[in-house]
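This report covers aromatic contacts and helix geometry. Please keep the structure open while reading.

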Amino acid sequence: MVLLETVLVLVLAVGIANGLAHFIPGIPASFFQIAMGLILTFGLGLRIDVDSHWFMLLFIAPLLFNDAVRFPKRELWELRGPILGNAIVLVLLTTLVGGFLIHLLIPSLPKSVALALAAVVSPTDPVAVQAIARRVKLPPNVMHIVEGESLINDATGLVSFNTAIKATVAGTFLLGEAIGNFFWISIIGAIVGLVSASLVSWLRDKFSNATLLNDVMFHAVITLLMPFLIYWVAEEVFHASGVIAVVTGGILTKILSDQHMDIDSPEISLAMTRSWEIFAYILNGVIFVLLGIEIPFAMAGVVTSTQIHTGTAILYGIVTWFIIFMLRTSWVYLTQLTYRLKHKDNKISFRIALTSGLTGVRGAVTMAAVLTVPAFVESGANFPQRDLLIFVAAVVVIMSLLVATLMLPIVTNEPTTRDFTQPDFDDNEDTDDEHHQADQYMSEDEARIVELRYGIQILREMQSSENQAIVYDLIFRKQQIIEQLKKRSGNAAYGDAFTESEQQLQHVAIKAQRDCLQQLLAQEKISPLAYTMSSQRLERLEKRDMQSYQHFSTRWLFVLFVKMIRNIRIWLADESTDRIRQENKLITRETSKAAIKALSDYASKFSADTVTNRIERQVAYNFIVTYRNRINILDRPNTPQQRQWDERMRLELELKALSAQREAIQQLYESGRITRQVGINIRQFINFTETTALAGKDEN
């Protein structure tokens with residue numbers, strides 16, 4: 001009963017704090033939440049003993065999983081260098097250099113304790129980053145790097161922290177053991193995340209084929225349980241990093257979700273998106289309330305101590321924060337200088353470095369970890385300067401939150417107007433109450449095929465040179481759904497003919513691409529390395545079963561492994577990465593043109609108006625759209641501004657197509673072609689698709 005009351009009090013505190021934040025929008029809701037925690041502590045005498053294990057499992061695991069699922073894949077890959085550098089190299093550098101400087105600042109702290117302090121305050125807190133950094137309009141790359149590093153730097157920081165604490169408790173430090181432990185928990189954690197996410201996704205897709213289990217609540221519950229399951233398996237079964245496991249599991253879940261074309265998915269996707277928004281919204285708030293509750297108890301040991309003045313301890317905390325801040329800022333600035341040596345057109349900006357330094361916000365993860373410091377060492381003596389260690393860490397957390405809140409709007413000079421005190425909801429609902437009855441009606445699948453074709457026609461009418469790539473992609477997705485509906489309608493002959501045609505045309509396209517590759521190599525337009533990688537990709541594509549496009553299979557693990565090996569080969573090759581990238585662009589362009597020509601020539605043989613010929617032309621058109629889309633993507637500048645424009649244009653086109661599809665259903669109903677219930681079902685499906693497209697979108 002006490003546990004239930006405590007949970008209700010924490011959630012109520014989050015609601016009150018967010019309500020107050022509406023009246024004073026200049027102050028982040030996280031500060032009101034911390035204040036509510038202080039009120040609960042001093043006013044009601046509430047105390048919660050935060051155990052780092054349950055704290056990481058209940059709060060950090062699901063939030064990191066959600067961030068990993070929502071993090072844009074392209075940015076994660078393009079910024080992999082800075083993200084891994086900040087998450088691993090910078091954290092280790094901060095631990096070593098920062099620990100040495102902290103020991104000079106506070107001689108009473110043993111070196112191992114100083115290293116532990118530097119390690120526990122070195123990683124950025126993902127929740128604090130979300131609460132503070134997004135209140136200002138940061139440069140896109142800076143925001144993506146900060147969010148990306150916060151996904152994985154906890155593992156580096158916590159491993160370093162635990163190593164330093166164990167060395168203090170045992171009185172010895174073994175470098176080899178520490179390095180081995182780091183690689184074990186990191187690599188095994190990543191493997192556990194990939195395998196667990198793959199297994200859960202595979203089981204979920206298998207169950208989706210059963211009518212009784214293909215419902216919204218089933219998928220929502222499974223998705224909500226995934227991070228807890230992955231984290232627990234990694235930590236308790238394999239003694240690896242649960243943080244890395246949930247992050248890699250979330251990224252793989254996102255990849256599989258994007259690749260999974262399901263004709264029944266919009267309602268499920270919408271339910272899962274909304275469930276996570278509410279869940280993450282509550283967890284974020286409760287974390288800061290807990291932070292407000294724990295800070296007084298963390299600082300009580302020094303405040304009541306006669307060995308050190310409280311003012312001196314606060315000064316130590318402020319200087320420690322400044323050391324960490326300067327190390328982060330200097331690292332980002334030196335990274336820009338290094339990048340400038342390779343890319344002369346790259347601009348060096350101290351403002352960017354300063355902004356990155358300010359976004360290094362610490363939060364509840366730091367407090368949860370530092371509170372686990374044992375009271376005694378193996379000899380039975382007190383842990384050296386435990387109270388001071390906890391006090392300084394608490395001051396660093398407070399300083400990072402305060403300085404980021406005050407300085408980021410000044411440095412960036414672009415505050416955002418988005419309200420972060422509530423989840424973003426954007427629902428649209430239509431109903432149709434008219435009644436029709438007739439003897440002959442179209443089935444629901446047939447009606448959906450009609451409305452999808454109507455949407456495709458609208459997209460073709462809106463096609464221009466600027467939005468051509470986006471239109472091709474949207475049309476291709478709708479065509480894929482149409483073909484699935486045709487196969488599901490029970491026409492086995494059509495399904496077999498379509499599959500056979502797909503395989504034949506894929507063989508035609510691959511042969512044309514392989515011939516083009518050989519010509520490019522013979523003309524010395526590409527290197528042997530680029531040729532080998534592209535040729536291997538075509539071989540894998542040729543062996544792929546076309547049906548695997550529609551459902552998940554364990555093949556994705558193999559594909560991810562192959563991609564990893566390929567990129568390692570690029571990094572180790574003599575050729576520069578830029579040259580390989582340009583050669584890959586040339587290969588994509590020329591092989592796509594060759595495939596389009598071969599497909600067009602093949603389809604021209606089937607000009608007669610028969611069922612077989614219509615299938616051949618339709619399949620050829622689907623493939624041609626895919627290759628045209630590849631070419632158009634290459635011609636588009638890959639900049640944050642262009643991606644932002646593409647996203648807005650994609651949303652605009654998709655909404656117009658869905659509006660046209662809704663009108664088509666209304667016309668079918670008014671003409672007596674479908675029943676009232678079929679009309680309602682399809683209109684609800686369109687509404688779910690529309691709301692899913694709008695989920696998470698805002699004006700910024």
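Is Trp232 buried, partly exposed or exposed? Trp232 is partly exposed, with a relative accessible area of 46%. Buried means under 20% relative accessible area, exposed means over 50%, and partly exposed lies in between, using a 1.4 Å probe and protein chains only.

## Basis of the model

This is a predicted model: local features need pLDDT of at least 70, side-chain atom pairs count only at pLDDT 80 or more, and totals for chains, interfaces and linings use all residues. Residues are numbered from 1 along each chain as its sequence is written, and side-chain values use heavy atoms, leaving out hydrogens and water.

## Around Trp232

Trp232 sits in helix α10 (residues 216-237). Helices are DSSP runs of H or I with at least four residues, strands are runs of E with at least two, and both are numbered from the N terminus. Val246 is 14 residues from Trp232 in sequence. Their C-alpha atoms are 9.7 Å apart.

## Aromatic pairs

The structure holds 6 aromatic pairs. Rings of Phe, Tyr and Trp (its six-membered ring) pair if their centres lie within 6.5 Å; planes under 30 degrees apart are stacked, over 60 edge-to-face, and the rest tilted. Trp54 and Phe59 have ring centres 6.4 Å apart and planes at 55 degrees, so this pair is tilted. Trp54 is partly exposed at 28% relative accessible area. Phe59 is buried at 8%.

Tyr333 and Phe350 form an edge-to-face pair, with centres 6.1 Å apart and planes at 70 degrees. This pair links distant parts of the chain, 17 residues apart. Tyr333 belongs to helix α13 (residues 310-342) and Phe350 to helix α14 (residues 350-358). Tyr333 is partly exposed at 31% relative accessibility, whereas Phe350 is exposed at 51%. Elsewhere, Trp321, Phe322 and Phe325 make up one aromatic cluster.

## Charges over rings

A charge sits over a ring if NZ of Lys or CZ of Arg is within 6 Å of the ring centre and within 35 degrees of the ring normal. Arg47 lies over the face of Phe297, 4.3 Å from the ring centre. Arg448 lies over the face of Phe685, at 4.0 Å.

## Helix α3

Helix α3 (residues 52-70) has 19 residues.

Where does α3 bend? The bend is at Ile60, by about 35 degrees. Pro62 follows within four residues. The bend is the angle between axes fitted to the seven residues ending at a residue and the seven starting there.

Technical notes. Expected span 1.5 Å × (residues − 1).
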